[in-house]
Each structure stands twice: as C-alpha cells, then as structure tokens.
Amino acid sequence: MGAERRGLAGVRRGAWGGALLGLCLGLLSAGPAGAQEAVTLDRARVVAMALAHAPAVGPAVARVGEARALHVGARALAPENPTVTLRAGPRFVAGDTEPLLDVNLSFSWPFDVSGARGARTALADAATEAAEAEVADARRLAAARALDLWVRALGAVEGVRLAEARAALDADLTRSARSRRDAGSGNDLDVALTTVEQADSAARVEAARGERDALLAALRGEAGLPPTAQVELAGNLEEDDAPPLGALLALLPRRSDLAGAELAVRAARADARLQGRLGVPLPSLSFQGGRENEYFAQGGLEVPLPIYQRNQTARAVAAARVATRQAERVAALARAEAELRAAYASYEGARGSFAALRAADDAVGLTERLATRAYELGQRDLASVLVARRTAAEARQRRLEALVALGRAQVAVDQAAGRPP
C-alpha cells in the first residue's frame, strides 16, 4: 500500500513537472512566433502608420506644445510684479542724545492700460494655429515619403521575382546546352555562353534582393516599425486615379504648408499689434508710509514718460517680419504651383510610357517562348536565342521600372496638390 502511494505521488510529481515543462516550452516557442509575426503593409496602413509614427511628426507635435505655452501668463494684469520697499535707519537730531529710528515702507503696483493682455492671447492663438498647420504639413510629407518607399519596395519585390524567373530560365538553357553538347548536336561554346548568362542572372538576383531589403528597411523607419519587424507588402501599383490638372490646381491653396504660410502672416500681424501695445507706458499706483520724526502716509501715481524708449526697435522688427511672412506666402504659392505642374507633367509622361510598354506584354512572352523552343528543336543558334531572351527580359524590366515610375509620379502629384493620400 505504501509503495502504491509512493508510486502515485511520483506519478503526480512527474505529471506536474511534465506540465510545467510543457508550459515553459510553450511560452518559449510562442514568444519568437509572436515576435516574428509579419506586419502587412498595404497603401492604407502605410499612410496611417506614417501619419502617426513617422520620425518627422513627433518634433512638429512638440512644437505645438511650445506655441500653446504662450497662453500661460498671457492674461496677467501687468508684465511687472508689485514692489514693496522697506527702509529703516537712525536719525540724529541736534540736541538729542539718543538717535531716533526712522522707518519707511513703500508699495508700488504697476497696471496695464495698453491692451497688451488681449494682444498676447491673440498672438498665442495665432502661433498655435500656425504650429498645428506645421504638424499637418509634416504628416503630408511623411505620408508621401512612406508611400514613395512603399511603391519602390513593391517594385523591388517584383524585381526579385523577375530576376529569379530569369535565373531559372538561364539555368534551364544551360542544362539544354549541355544536353545538346553531350548528344553531339551542340558545342562547348554554347555551354560557356549559357554559363556566363547564368552567372549574370545570379548576380542580378543578389542585387535585386539587396535593393528590396534596403527599401524595406527604409520603409520600416518611415512607418515607425522596429528595425527587425517582419513586413509583407500588399497592394497594386496599377492604380491610376489622378484628377485633371485644373481640379488639382483648385485644391492647391488648401495645401497644409500654404495654409501654414497664411497663418504665419496672421501670427506676425498679431505680434506687431502686441509690440505696438508694449510701447504704451506702464503706470503704477504707489503708497508710502512711515515715521520720520512724525508718522506720515502718501499715495501717488507714477507714469513713465515715453521719450527715449517706446519699444520702437521691437515694433519695427515686427512690422518688417509681417512683410517677410507675406513675401514668403506669395513665394510658397508660386513654388507650390510650379511643383504641381512639374509633377503632373512627369505623371503624364510616366503614364504614357507604361501604356506603351504594357501593350507589348503578349509579344514579350511570345518572343521568349518561341526563341527557347526554337533552340531546343535545333532551329536557331544559341546567339540568336540569347539576343531574343535578353530583349524580352529587358522589356519586362523596363515595364516594371515604368510601372514604379508611374506609382511614384502619382504619389508626387498627390503630395504637390496637398491631396489626402
């Protein structure tokens, strides 16, 4: 009986130990799997992540906090604090053997009659709006950068596929050349040529993979993902929905940086009004009392005379800054229109180029198939086959490059127009 109990206890301990070991192994195996879970990046998700996590957005958001801090103390009754002065000391009077103690207490309270309180608040409001416009512009540019990287990364992934497919075909051609040589219908030159082509294809595969990995690393950074995060790309590059140029030009004044330029003018004008208010003298109510042999009390009003200092330097600088911001607004609008027109011209050229290359898709595939088959049947020599296949491969590569250029041109047009991505 005791042996049975000891046996049962051993079985229970073994079961608990086995369960605990299984749990630990399960947690250890679940950790890396969760850490390696791939993030799918399509167009919408790339935009959302860039708007929220792009490196350039954080500092712009922080500058909004700086602008909002201008509201702190903007409504204070005066820019200077009340002053309390206490003076005391002995007074020696002729004929008296004991000195007298004189005590003098004065109190001065400046107050603002210039209207600067409202001007400070208006400046803080305008500065905050301008900073918020900078955030919107930082997000516009971040989304455009992320989308541009996404388009290029999609093209790089397709480029790897094309390079691998070309390498597989070259490997097949090398095997065919060796088979023909062994059968007596080929020669060593054909084998050497196909071997060279196979090496060139292998080099193209490695270069394409390197470009893909580099673009994915840059895309992770712009989307705010960890450098080691696994990503998968989804989406279609053949999306062409740019409106006519006239419609985009009508949207242009609402572009975030142009709206920010207008708000910067408003902030400069608010600062100019504030500097004008600060040129008004700051009067002070005063009270003085004490004992100088007798007790006394006095009240008064102190008003500085604006003879030398009327805040003239700051007022002149603020007025000049208004003119500068207005000139910057005009220049920004002209620059934005030129940017949009240039981007649209590139877009139209990329669209035409891709359409021309896409029209030859069937012919490219047919050229490659017929040339390979003709060589296998002994109807064409290897040199003509290599020329045909190289032409087909280059046509596919140019088509991919044209497609990527079209996608990037579309992103550039949307960015230049300030169109929501």
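Biologist: What is the relative accessible area of Phe107, and how should I read that value?

Modeller: Phe107 has a relative accessible area of 30% and is partly exposed, a class that lies between buried (under 20% relative accessible area) and exposed (over 50%), as found with a 1.4 Å probe on protein chains only. Trp109, with 43%, is likewise partly exposed. This is a predicted model, in which local features need pLDDT of at least 70 and side-chain atom pairs count only at pLDDT 80 or more, while totals for chains, interfaces and linings use all residues. Residues are numbered from 1 along each chain as its sequence is written, and side-chain values use heavy atoms, with hydrogens and water left out.

Biologist: How many aromatic pairs does the structure hold?

Modeller: A pair of aromatic rings is described by the distance of the centres and the angle of the planes. Rings of Phe, Tyr and Trp (its six-membered ring) pair if their centres lie within 6.5 Å, and planes under 30 degrees apart count as stacked, over 60 as edge-to-face and the rest as tilted. The structure holds two such pairs. In Phe107 and Trp109 the ring centres are 6.2 Å apart and the planes stand at 80°, so this pair is edge-to-face. In Tyr344 and Tyr347 the centres are 5.5 Å apart and the planes stand at 55°, so that pair is tilted.

Biologist: Where do Tyr344 and Tyr347 lie, and is Tyr347 buried or exposed?

Modeller: They are three residues apart in helix 8 (residues 312-358), which means about one helical turn between them; helices (H or I, at least four residues) and strands (E, at least two) are DSSP runs, numbered from the N terminus. Tyr344 is buried at 7% relative accessibility, and Tyr347 is buried at 0%. Ala242 sits in the loop between strand 4 (231-233) and helix 6 (245-251) and is buried at 15% relative accessibility.

Biologist: How do helix 8 and helix 10 cross?

Modeller: Two packed helices are described by the angle between their axes and the distance between the axes. Axes are lines fitted to C-alpha atoms, for helices over the stretch in contact, with angles from 0 to 180 degrees between N-to-C directions. The axes of helix 8 and helix 10 come within 8 Å and cross at roughly 155°, which means that helix 8 is roughly antiparallel to helix 10 (under 35 degrees is roughly parallel, over 145 roughly antiparallel, 65 to 115 roughly perpendicular and the rest oblique). Their crossing is left-handed, the near helix being turned anticlockwise from the far one by less than a right angle, whereas clockwise would be right-handed.

Biologist: At what angle do helix 5 and helix 10 cross?

Modeller: Helix 5 (residues 188-223) and helix 10 (residues 382-417) cross at roughly 15°, with axes that come within 10 Å, and they are therefore roughly parallel to each other. The crossing of helix 5 and helix 10 is right-handed. Their contact is made by Asp190, Leu193, Thr194 and Glu197 of helix 5, together with Leu382, Leu386 and Arg390 of helix 10.

Biologist: Which residues of helix 2 are buried?

Modeller: In helix 2 (residues 43-53), Val46, Val47, Met49 and Ala50 are buried, and the buried residues of helix 2 pack against strand 1 (39-41), helix 3 (57-68), helix 4 (116-183) and helix 5.

Conventions. Contact = heavy atoms within 4.5 Å.
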